[in-house]
Amino acid sequence: MGAWAKDQKIDGTIVTFIADPTSALTKALDVELTHPGPTAVLGPGRCKRFAMFFDDGVCKTVQISESPDDPTDGNLELSLAPNMLTLV
């Protein structure tokens, strides 16, 4: 995660990258990718693409980029910054 954060130049920003090596957070948030197509390629324990907005420690919105036919990124726009900014 450190190398990714460095590559994305987030040092000194309010963005925090966190690792979830056991999928504990992924499962607790109910965003585990369980569709047989992607898990056959990526393996189990993967996380769906999602974004959360917190204000003063309170989650205000969760946007999950998925659709019934494409559980990996069917509605990619939902979790991208332009959409999230409309929700804050």
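A polar contact is taken here as a pair of N or O atoms within 3.5 Å; within protein, one atom must be able to donate a hydrogen and the other to accept it, and residues adjacent in sequence count only if both atoms are side-chain atoms. The model is predicted, so that local features need pLDDT of at least 70 and side-chain atom pairs count only at pLDDT 80 or more, while totals for chains, interfaces and linings use all residues. Residues are numbered from 1 along each chain as its sequence is written, and side-chain values use heavy atoms, with hydrogens and water left out.

A polar contact of 2.7 Å joins the side chains of serine 65 and serine 79. Serine 65 is located in the loop between E4 and H4; helices (H or I, at least four residues) and strands (E, at least two) are DSSP runs, numbered from the N terminus. Serine 65 counts as buried because its relative accessibility is 0%, where buried means under 20% relative accessible area, exposed over 50% and partly exposed in between (1.4 Å probe, protein chains only).

The loop between E4 and helix H4 (81-86) also contains glutamate 66. A search of the whole structure finds one salt bridge, defined as a side-chain nitrogen of Lys or Arg within 4 Å of a carboxyl oxygen of Asp or Glu. Glutamate 66 forms this interaction with lysine 48, and the closest N and O atoms are 3.0 Å apart. The pair links distant parts of the chain, 18 residues apart, with lysine 48 in the loop between strand E2 (46-47) and E3. Glutamate 66 is partly exposed because its relative accessibility is 28%, whereas lysine 48, at 17%, counts as buried.

Strands E3 and E4 run antiparallel and are joined by six bridges; two strands are considered paired if DSSP finds at least two bridges between them. Within this pairing, methionine 52 has valine 62 in E4 as its bridge partner. The hairpin of E3 and E4 has two residues between the strands. Aspartate 56 is found in the loop between strand E3 (50-55) and strand E4 (58-64), and its phi is near 55°, a positive value in a residue other than glycine. Most residues other than glycine have a negative phi. Aspartate 56 counts as exposed because its relative accessible area is 77%.

A positive phi is also found for lysine 9, near 60°. Lysine 9 lies in the loop between helix H1 (2-7) and helix H2 (24-28) and is exposed because its relative accessibility is 68%.

The structure holds one aromatic pair. Tryptophan 4 and phenylalanine 17 form this pair, with 4.6 Å centre to centre and 35° between the planes, a tilted arrangement. Rings of Phe, Tyr and Trp (its six-membered ring) pair if their centres lie within 6.5 Å; planes under 30 degrees apart count as stacked, over 60 as edge-to-face and the rest as tilted. Tryptophan 4 lies in helix H1 and phenylalanine 17 in the loop between H1 and H2, so the pair ties together parts 13 residues apart in sequence. Phenylalanine 17 is partly exposed, with a relative accessible area of 26%.

Isoleucine 18 is likewise found in the loop between H1 and H2 and is exposed, with a relative accessible area of 53%. Ile18, Leu25 and Leu29 form a nonpolar patch on the surface, with about 240 Å² of accessible area together. Patches are made of residues with over 30% relative accessible area and no salt bridge, like charges being joined within 9 Å and nonpolar side chains (Val, Leu, Ile, Met, Phe, Trp, Tyr) within 5 Å. Accessible areas come from the Shrake-Rupley method with a 1.4 Å probe; for residues, only the protein chains shown count as cover.
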